[in-house]
Amino acid sequence: MTAETSQTLDRGLRVLKLLADTDHGLTVTELSTKLGVNRTVVYRLLATLEQHALVRRDLGGRARVGLGVLRLGRQVHPLVREAALPALRSLAEDIGATAHLTLVDGTEALAVAVVEPTWTDYHVAYRAGFRHPLDRGAAGKAILAARAAAGTVADPGYTLTHGELEAGASGAAAPLLGVTGVEGSVGVVMLADSVPERVGARVVDAAKEVAEALR
(Lines give C-alpha, C1' and ligand atoms only; values in the text may rest on other atoms or scores of the structure.)
Protein backbone atom coordinates (compact mmCIF):
# COMPACT_ATOMS: atom_id res chain seq x y z
CA MET A 1 0.00 0.00 0.00
CA THR A 2 1.27 3.51 -0.83
CA ALA A 3 0.43 6.77 0.89
CA GLU A 4 -1.98 7.62 -1.93
CA THR A 5 -4.14 4.49 -1.55
CA SER A 6 -6.84 3.55 0.96
CA GLN A 7 -6.30 0.32 2.87
CA THR A 8 -10.00 0.06 3.78
CA LEU A 9 -11.12 0.54 0.18
CA ASP A 10 -8.54 -1.94 -0.99
CA ARG A 11 -9.85 -4.54 1.45
CA GLY A 12 -13.44 -3.87 0.45
CA LEU A 13 -12.63 -4.37 -3.22
CA ARG A 14 -10.76 -7.56 -2.38
CA VAL A 15 -13.87 -8.81 -0.57
CA LEU A 16 -15.97 -8.20 -3.69
CA LYS A 17 -13.43 -9.97 -5.89
CA LEU A 18 -13.30 -12.98 -3.56
CA LEU A 19 -17.09 -13.23 -3.48
CA ALA A 20 -17.33 -12.84 -7.26
CA ASP A 21 -15.04 -15.85 -7.70
CA THR A 22 -17.26 -18.25 -5.74
CA ASP A 23 -20.76 -19.58 -6.37
CA HIS A 24 -21.49 -20.65 -2.79
CA GLY A 25 -20.44 -17.53 -0.89
CA LEU A 26 -17.89 -17.19 1.92
CA THR A 27 -18.16 -17.04 5.69
CA VAL A 28 -16.63 -14.31 7.81
CA THR A 29 -13.98 -16.77 8.95
CA GLU A 30 -13.12 -17.73 5.38
CA LEU A 31 -12.87 -14.09 4.34
CA SER A 32 -10.76 -13.31 7.40
CA THR A 33 -8.31 -16.05 6.44
CA LYS A 34 -8.13 -15.06 2.78
CA LEU A 35 -7.66 -11.37 3.56
CA GLY A 36 -5.26 -11.92 6.43
CA VAL A 37 -7.24 -9.68 8.81
CA ASN A 38 -9.26 -10.34 11.95
CA ARG A 39 -12.97 -11.10 11.93
CA THR A 40 -13.91 -7.69 13.35
CA VAL A 41 -12.46 -5.98 10.29
CA VAL A 42 -14.38 -8.34 8.00
CA TYR A 43 -17.65 -7.66 9.85
CA ARG A 44 -17.16 -3.91 9.35
CA LEU A 45 -16.34 -4.34 5.66
CA LEU A 46 -19.39 -6.53 5.07
CA ALA A 47 -21.68 -4.16 6.96
CA THR A 48 -20.54 -1.23 4.81
CA LEU A 49 -20.88 -3.18 1.56
CA GLU A 50 -24.34 -4.38 2.62
CA GLN A 51 -25.46 -0.78 3.10
CA HIS A 52 -24.72 -0.20 -0.57
CA ALA A 53 -26.35 -3.52 -1.61
CA LEU A 54 -23.01 -4.73 -2.98
CA VAL A 55 -23.00 -7.70 -0.61
CA ARG A 56 -25.77 -9.78 0.94
CA ARG A 57 -25.68 -12.49 3.59
CA ASP A 58 -27.89 -15.58 3.41
CA LEU A 59 -29.62 -17.28 6.33
CA GLY A 60 -26.52 -19.36 6.98
CA GLY A 61 -24.39 -16.23 7.31
CA ARG A 62 -22.46 -16.74 4.09
CA ALA A 63 -21.68 -13.53 2.22
CA ARG A 64 -22.45 -13.27 -1.49
CA VAL A 65 -22.31 -10.56 -4.14
CA GLY A 66 -25.38 -8.31 -3.85
CA LEU A 67 -27.78 -7.02 -6.49
CA GLY A 68 -26.24 -3.54 -6.24
CA VAL A 69 -23.41 -4.84 -8.38
CA LEU A 70 -25.88 -5.16 -11.27
CA ARG A 71 -26.44 -1.40 -11.29
CA LEU A 72 -22.70 -0.90 -11.65
CA GLY A 73 -22.53 -3.65 -14.23
CA ARG A 74 -24.89 -1.81 -16.59
CA GLN A 75 -22.05 0.60 -17.28
CA VAL A 76 -19.62 -2.20 -18.15
CA HIS A 77 -20.89 -2.95 -21.66
CA PRO A 78 -19.93 0.49 -23.12
CA LEU A 79 -16.43 0.18 -21.64
CA VAL A 80 -15.98 -3.36 -22.94
CA ARG A 81 -17.30 -2.35 -26.36
CA GLU A 82 -14.88 0.56 -26.61
CA ALA A 83 -11.92 -1.64 -25.68
CA ALA A 84 -12.90 -4.30 -28.23
CA LEU A 85 -13.58 -2.10 -31.27
CA PRO A 86 -10.01 -1.85 -32.65
CA ALA A 87 -9.60 -5.63 -32.75
CA LEU A 88 -13.10 -6.08 -34.21
CA ARG A 89 -12.45 -3.53 -36.96
CA SER A 90 -9.22 -5.27 -37.91
CA LEU A 91 -10.96 -8.66 -37.93
CA ALA A 92 -13.88 -7.45 -40.06
CA GLU A 93 -11.62 -5.80 -42.63
CA ASP A 94 -9.22 -8.74 -42.79
CA ILE A 95 -11.88 -11.44 -43.20
CA GLY A 96 -14.45 -9.38 -45.08
CA ALA A 97 -17.18 -10.46 -42.71
CA THR A 98 -19.19 -8.95 -39.88
CA ALA A 99 -17.25 -9.17 -36.61
CA HIS A 100 -18.85 -9.17 -33.18
CA LEU A 101 -18.18 -9.26 -29.47
CA THR A 102 -20.73 -11.31 -27.53
CA LEU A 103 -21.13 -11.45 -23.75
CA VAL A 104 -23.17 -13.69 -21.49
CA ASP A 105 -26.35 -12.09 -20.19
CA GLY A 106 -28.13 -14.56 -17.93
CA THR A 107 -28.89 -17.61 -20.04
CA GLU A 108 -28.45 -15.77 -23.33
CA ALA A 109 -25.68 -14.53 -25.57
CA LEU A 110 -25.83 -10.77 -26.15
CA ALA A 111 -23.99 -9.01 -28.98
CA VAL A 112 -22.55 -5.84 -27.42
CA ALA A 113 -20.31 -4.66 -30.27
CA VAL A 114 -20.57 -5.25 -34.03
CA VAL A 115 -18.31 -4.05 -36.85
CA GLU A 116 -19.17 -4.57 -40.53
CA PRO A 117 -16.51 -4.63 -43.26
CA THR A 118 -16.25 -1.53 -45.47
CA TRP A 119 -15.06 -3.10 -48.71
CA THR A 120 -17.41 -6.02 -49.40
CA ASP A 121 -20.34 -5.94 -51.83
CA TYR A 122 -22.56 -7.64 -49.25
CA HIS A 123 -22.32 -8.97 -45.72
CA VAL A 124 -24.54 -10.22 -42.93
CA ALA A 125 -26.46 -7.51 -41.08
CA TYR A 126 -25.81 -8.23 -37.41
CA ARG A 127 -26.78 -5.66 -34.82
CA ALA A 128 -25.61 -4.87 -31.32
CA GLY A 129 -28.33 -5.92 -28.91
CA PHE A 130 -29.08 -9.15 -30.77
CA ARG A 131 -29.76 -12.01 -28.36
CA HIS A 132 -29.84 -15.75 -28.80
CA PRO A 133 -29.59 -18.90 -26.65
CA LEU A 134 -26.07 -19.86 -25.60
CA ASP A 135 -26.43 -23.28 -27.23
CA ARG A 136 -27.17 -21.86 -30.68
CA GLY A 137 -24.70 -20.07 -32.92
CA ALA A 138 -20.92 -19.96 -32.84
CA ALA A 139 -20.70 -17.11 -30.33
CA GLY A 140 -22.68 -18.90 -27.63
CA LYS A 141 -21.20 -22.32 -28.30
CA ALA A 142 -17.66 -20.89 -28.03
CA ILE A 143 -18.55 -19.59 -24.56
CA LEU A 144 -19.94 -22.99 -23.56
CA ALA A 145 -16.78 -24.67 -24.86
CA ALA A 146 -14.69 -22.41 -22.62
CA ARG A 147 -16.85 -23.34 -19.64
CA ALA A 148 -16.38 -27.02 -20.39
CA ALA A 149 -12.61 -26.57 -20.64
CA ALA A 150 -12.33 -24.49 -17.46
CA GLY A 151 -10.02 -26.07 -14.89
CA THR A 152 -8.48 -28.40 -17.48
CA VAL A 153 -5.55 -28.17 -19.87
CA ALA A 154 -7.89 -28.40 -22.84
CA ASP A 155 -7.83 -25.51 -25.32
CA PRO A 156 -11.38 -24.52 -26.32
CA GLY A 157 -10.02 -23.25 -29.64
CA TYR A 158 -12.75 -21.96 -31.94
CA THR A 159 -16.28 -23.02 -32.83
CA LEU A 160 -17.86 -23.22 -36.30
CA THR A 161 -21.58 -23.29 -37.09
CA HIS A 162 -23.80 -23.01 -40.14
CA GLY A 163 -27.40 -21.91 -40.45
CA GLU A 164 -28.17 -21.97 -36.72
CA LEU A 165 -29.18 -18.33 -36.37
CA GLU A 166 -29.72 -17.26 -39.96
CA ALA A 167 -30.30 -19.42 -43.02
CA GLY A 168 -27.27 -19.50 -45.29
CA ALA A 169 -24.95 -17.88 -42.79
CA SER A 170 -21.89 -19.46 -41.21
CA GLY A 171 -20.15 -18.36 -38.07
CA ALA A 172 -16.83 -18.76 -36.30
CA ALA A 173 -16.11 -17.65 -32.74
CA ALA A 174 -13.47 -18.04 -30.03
CA PRO A 175 -13.95 -17.40 -26.31
CA LEU A 176 -12.39 -14.60 -24.29
CA LEU A 177 -9.95 -16.23 -21.89
CA GLY A 178 -8.29 -14.94 -18.76
CA VAL A 179 -10.50 -11.88 -18.25
CA THR A 180 -11.83 -11.79 -14.70
CA GLY A 181 -15.54 -10.99 -14.51
CA VAL A 182 -16.13 -11.08 -18.27
CA GLU A 183 -17.49 -14.15 -20.05
CA GLY A 184 -17.80 -13.80 -23.79
CA SER A 185 -16.51 -14.51 -27.27
CA VAL A 186 -15.30 -12.82 -30.43
CA GLY A 187 -16.46 -14.03 -33.80
CA VAL A 188 -17.50 -13.41 -37.38
CA VAL A 189 -20.61 -14.24 -39.35
CA MET A 190 -20.63 -14.53 -43.14
CA LEU A 191 -22.90 -15.57 -45.99
CA ALA A 192 -21.22 -18.82 -46.94
CA ASP A 193 -21.82 -22.55 -46.84
CA SER A 194 -18.69 -23.00 -44.78
CA VAL A 195 -16.02 -20.94 -43.06
CA PRO A 196 -12.63 -20.68 -44.84
CA GLU A 197 -9.86 -22.52 -43.02
CA ARG A 198 -7.83 -19.44 -42.08
CA VAL A 199 -10.78 -17.74 -40.35
CA GLY A 200 -10.71 -19.92 -37.25
CA ALA A 201 -7.14 -19.04 -36.34
CA ARG A 202 -7.77 -15.37 -37.12
CA VAL A 203 -10.78 -15.30 -34.79
CA VAL A 204 -8.70 -16.86 -32.00
CA ASP A 205 -6.09 -14.13 -32.46
CA ALA A 206 -8.77 -11.43 -32.32
CA ALA A 207 -10.21 -12.91 -29.12
CA LYS A 208 -6.74 -12.78 -27.59
CA GLU A 209 -6.38 -9.12 -28.63
CA VAL A 210 -9.70 -8.21 -27.02
CA ALA A 211 -8.86 -10.17 -23.87
CA GLU A 212 -5.56 -8.33 -23.60
CA ALA A 213 -7.31 -4.98 -24.00
CA LEU A 214 -9.68 -5.85 -21.16
CA ARG A 215 -7.04 -6.95 -18.65
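Start with Leu101: setting aside neighbours within four places in sequence, Leu101 is in contact (heavy atoms within 4.5 Å) with Val80, Ala84, Leu88, Leu110, Ala111, Val112, Ala113, Leu176, Ser185, Val186 and Val210. This is a predicted model, where local features need pLDDT of at least 70, side-chain atom pairs count only at pLDDT 80 or more, and totals for chains, interfaces and linings use all residues. Residues are numbered from 1 along each chain as its sequence is written, and side-chain values use heavy atoms, with hydrogens and water left out.

**Cores**
- A nonpolar core is a set of buried Ala, Val, Leu, Ile, Met, Phe, Trp, Tyr and Cys residues joined through side-chain atoms within 4.5 Å, and buried means under 20% relative accessible area with a 1.4 Å probe, protein chains only.
- The largest one here has 31 residues, and Leu101 is among those with the most contacts inside it, as are Leu88, Leu91, Leu176, Val186, Val188 and Val199.
- At least two residues of this core come from each of helices H5 (76-95) and H7 (197-214) and strands S3 (98-105), S4 (108-115), S7 (169-175) and S8 (184-191).
- Another core, of 16 residues, lies apart from it and includes Leu16, Leu19, Val28 and Leu31.

**The whole chain**
- You'll find 7 helices and 8 strands, which are DSSP runs (helices: H or I, at least four residues; strands: E, at least two) numbered from the N terminus.
- The C-alpha atoms fill a box of roughly 65 × 35 × 30 Å along the principal axes.
- Of the 215 residues, 41% count as buried.
- Among contacts between residues at least 6 apart in sequence, 48% join residues at least 24 apart.

Methods
Buried < 20%, exposed > 50% of the residue type's maximum accessible area, 1.4 Å probe, protein only.
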